[in-house]
Amino acid sequence: MTTNHYHPDGERQLYGGAERYGLELTRLLLDLGYEVEWWQVGEGWVREILPGVPIRSIRENSFSYQTMPALNQAFHARANVDYALYFVAFLAYPEALPRSLAISHGIYWDYPGFDVTLATDNDREEWRRRMLLALAGPRRIVSVDTATIQWVNSSWPGLGHKLVYIPNFVDLQAFGSQAGRAGQTAAEVPGEAAEGDEPAPEPILGQPGGGRPVRVLFPRRMVQVRGLNEAARAAEVLTARYENIEFHFVGRFHDEGLEKEFLRWAGSHRNIYYYWLPPHAMPRVYRAVDLVLIPSRSTEGTSLSCLEGMAAGRSVIATWVGGLTDLIIDGFNGRLIPPDGQALVEAIEELGKQPALRRQLGENARQVARAFSLERWRQRWSQVLEEVFTP
Amino acid sequence: MRAGERTQAGARMRVFVPNLLSWDGSAPVTGGLERFARQLLRLLRSLGWQPEVWQYAAADWLKEWEGFPVHGCGLSAIALEAGFQQLHQGGADVPILYASLAFHPARYQPGSLVMSHGVWWDGAGVPAEQIRAAFRWAEQALAQARLVVSCDYNFLNVVRSWQPDLAGKIRVIPNFVDTDAFVPGDAGSQVVILYPRRLDERRGLQLFLQAAAALLPRFPQVSFLLSVDDNHPAETEKLRRWLADQPWREQVELVTASMEAMPEVYRRAQIVVLPSLYSEGTSFSCLEAMASGCAVVASDVGGLTNLILSGYNGLLLPPRASALVEALEQLIREPDLRARLGRRARQVAEEAFSLQRWEDQWRRVITQVYGRPLDRGPQHGAEGGTGR
C-alpha cells in the first residue's frame, strides 16, 4: 500500500527514488514466491506496476495531521491479503495487519515549512500520537537510515527495537563498472580510447591552461529541500570567480513553468547548464564530472544520487542531513558540510583546487559503495520478510 | 583596575567540564570526557589562551591537573544550578567555553560555545519526564549559545527533526583517535573478541555475555576478553565471580586496564564488540578499536553510526543478542572478512579521525567564537555583563 506510485490520475508514472525502491521490492517479493498487488490513491483505475502485478487505486485522498486514515481504512476493507507492507510508514495509521511491515524512507519533517503545516503544539502532539501508532502497529519498520531510528529512540525510548536498518542500494554494474578517471566522455571510456594515449591531466580550479574546466554536477530533483537554491547561488558565485568551472544541473522540476525559468537563468550564465536525462543515461554524466553535489537542506534518507555518485568514484560534497551521514564519513569518502551556501562554495573551491584529494575521496567512495550493492539489499530484505511473514 | 590584570591574565578562559575530577577533587574521572578535555585544554593553550577548568564539586577547592588549574564549585552540593552559577562569578570579562551542556536551568554567557556529547536519553525505560527535560536542556543551550558543537551527527539530526530552525547553530566535530598510540597488532591464530567498555548498563554488557554463552561452547578456539573499569570494585568482583561459575570460564578473561595499557589490550583482539543500548556519541572506544585495526561490531545507536559504515569498515547491528551472535559467528568463520573490515577501519581512522583533523576543526570554531586571545579588548571581553 502506497500513496502515489502513479500520479492519482493513473496516467503518469512517477519516477524517483521511492518508485525505484518499490519496483525492486516487488521483484524481490515475486522472486520469493509472493503474489503481489499494490494499492494507492486514485480514481478507481487498475494498472500494472510490473507485468502481472496489479496496482489498484482507492478514491480516498483526505489528509489530516500528515496521515491518511481514510485510505488506510478503505485499504483494509477492500484488500483481501495475508500480509501487508505499508510503503510509507504513516500509512499504517490507524491500523496495521498483524503480519505487516512498514518502511521509513527517512525524516521528512526536519524543515521549517513542516512547522507551518502543524502550527500549534496540539497539532504537533496529535501528529506525534499518530506516528507512534503507525510505528507501533506493524511488526517491523524498515528504515533506510539510522537517523530515523535515532529519532524514534529519542522520541519514544525503547521503540527502536521495531526498526531494522536497511540502507538503500546502488546498481554497481551501471554506475561503477566503468568508473575511471573523472572527465571521461563516452568517446574516452576505457577500451575506446586509442592505446598509449596519455590521460589528460585533471583540471585545477583557477588554473585554466587550456584543459577542460572542473565539472560540478547537481543530480537531483529540482526542489528547495534538495539545496537547489544554495547550489544555484554557488554556481553564480564560482562561475563569476573562476574561468574554468562548469555546473551541470540535471533533473526535473515538479512544474514546467519553473523549468522554463531555470533554463533561462542557466542560459544567461556562462558555464551553467540545465538539462534532464532518463536514469539510464545518468552513469555517463557522473563519469564526465569531477564533483557531485548533494547539498540537501532536509528530508534526506540514504540518497540514491549520493550512492550513484559514490559508485561512479566521484568525490561527493554532501550536507550533514538525515541519512547522508550513513553514506559519507567526512574527509574519508567525501565531504559533509552544513546546509548553507557559504560552506558549499568553500567546499567546492577546496576540492576544485586539489585533484589528488578528489581522486582519493572518489576512490574511497567507490570502495564504500560496494557495501551498498543491490544483492546485499535483497539479502537484508529477504531476512526481514522471512522473519515477519513466515507463518 | 582591569587593564593591568589583563596583561597578565588577558588570555584567561574558563572551561566548564562538569566532572573532570571527582567531587572531592582527589582523582580524575577516567572516560571519554577526560580524553576530550585534555586535548581541548592543550589546544586552547597552544592558541595563546590560559584555560582554567571549573567543575561541580562538594567543596570549593583549587587543584592542578596536567598543568591546568581546576576550580571546584562547592555550591554544587546545595544544587548543581548554584555550582554552575559560581563559574560566572567575578569574571564577567573572562570568556567561558562550556565543554558540556548543563542539565538544569542555566544562563550561559552570551556569545559562548557549548559542547554536546550526543543524545543521552534514547534508551528503553527513560521516563517521559526525563525526555522532555533533555529537550529542554538542549533547547536552552541552542537558544543561548553562539555555537553548539556536537561530537556526532545524530544529536544534530534529532534536533533538526524536532526544531529545524535551531539546528543551524550546530557544528559537528567528531571525536579523534591517536593513530600512533593505537596501532594494529599481529593477528594470532586464536580469535580474541574484546569488550572494552565501562561497567555501565547502557554499554550492553549483558548482550556481550549472552553472545559469549551462545558462542563459546561451540567455538573452542575463540576467547572473550573483557576490559572494564575498576571504578566500583565490588561490581567488578561480582562479575568476576559470575564468570568463574560459567562452564566456559577457561575461554574468558577479565582485566581492568589503565588508559595507558589500552593500546596493548586492543592489539590482542581481532574483533571488538560495542553493543551499546543507548547514549552514544562518536565513541572513543570505537575509534580506538578502529585505529587498532580490529573488526568492529557495533550497535546502530547514536554516533556509532557515524564511525562505522556497515559492511565496509565494520558491522552495525540492532542491539539484540540474536543479531550479535549471528554477526560474531560470521566473523569467527571468515578470517578474510575480519581482516578486510579491520584494515579499512584503520584506514578510516587515519584519514578521517586523526587528532590533527580534530584540532584544525576546533581551532576554527574557537577562533570564530572567541577571536584570538590578544584581540580581546575590554569592549569584547565585557559582553557578558557590566564591569563589576
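Guide: Welcome! A residue counts as buried under 20% relative accessible area and as exposed over 50%, with partly exposed in between. Please keep in mind that this model is predicted.

Visitor: Thanks! Is B:Glu66 buried, exposed or partly exposed?
Guide: B:Glu66 sits in the loop between strand 3 (61-65) and strand 4 (68-73) of chain B. Its relative accessible area is 40%. The limits are 20% and 50%, so B:Glu66 is partly exposed.

Visitor: What is the phi of B:Glu66?
Guide: Most residues other than glycine have a negative phi. B:Glu66 is not a glycine, yet its phi is positive, at about 50 degrees.

Visitor: Chain A has a residue 66 too; is A:Gln66 buried or exposed?
Guide: A:Gln66 is in the loop between strand 3 (53-58) and helix 2 (69-78) of chain A. A:Gln66 is not a glycine, and its phi is positive at about 60 degrees. With a relative accessibility of 16%, and the cut-off being under 20%, A:Gln66 is therefore buried.

Visitor: On to the domains: how far apart are the centres of domain 1 and domain 2 of chain A?
Guide: The assignment gives domain 1 of chain A as 17-169 + 375-389 and domain 2 of chain A as 172-372. Taken over C-alpha atoms, the centres of domain 1 and domain 2 of chain A are separated by 31 Å.

Visitor: Which residues of domain 1 of chain A lose the most area to domain 2 of chain A?
Guide: Contact involves 19 residues of domain 1 and 15 residues of domain 2 of chain A. The two domains of chain A bury about 1,300 Å² between them, with carbon and sulfur atoms giving 49%. On the side of domain 1 of chain A, 32% of the buried area comes from three residues together: A:Arg20, A:Asn168 and A:Phe169.

Visitor: With which residue does A:Arg20 form a salt bridge?
Guide: Between domain 1 and domain 2 of chain A there are 2 salt bridges. For A:Arg20, the closest N and O atoms are 2.8 Å apart, and the partner is A:Glu308.

Visitor: Let's turn to chain B: how much area do chain A and chain B bury between them?
Guide: Here 42 residues of chain A are in contact with 43 residues of chain B. Carbon and sulfur atoms carry 55% of the buried area, which is about 3,400 Å².

Visitor: What separates the closest N and O atoms of the salt bridge between B:Arg160 and A:Asp110?
Guide: Chain A and chain B share 3 salt bridges. In the one that B:Arg160 forms with A:Asp110, the closest N and O atoms are apart by 4.0 Å.

Visitor: Which element gives the largest share of the side of chain A that touches chain B?
Guide: The rule finds 14 residue pairs in polar contact across the interface of chain A and chain B. On the side of chain A, the elements that give two or more residues are helix 5, helix 12 (355-369) and helix 13. The largest share, 8 residues, comes from helix 5 of chain A.

Notes
Residues are numbered from 1 along each chain as its sequence is written. Chains are lettered from A and ligands numbered from 1 in the order in which they are written. This is a predicted model: local features need pLDDT of at least 70, side-chain atom pairs count only at pLDDT 80 or more; totals for chains, interfaces and linings use all residues. Side-chain values use heavy atoms; hydrogens and water are left out. Domain bounds come from an automatic or database domain assignment. Contact means heavy atoms within 4.5 Å. Buried area is the accessible area (1.4 Å probe) that two parts lose on being put together, summed over both. A salt bridge is a side-chain nitrogen of Lys or Arg within 4 Å of a carboxyl oxygen of Asp or Glu. A polar contact is a pair of N or O atoms within 3.5 Å; within protein, one must be able to donate a hydrogen and the other to accept it, and residues adjacent in sequence count only if both atoms are side-chain atoms. Helices (H or I, at least four residues) and strands (E, at least two) are DSSP runs, numbered from the N terminus. Buried means under 20% relative accessible area, exposed over 50%, partly exposed in between (1.4 Å probe, protein chains only).
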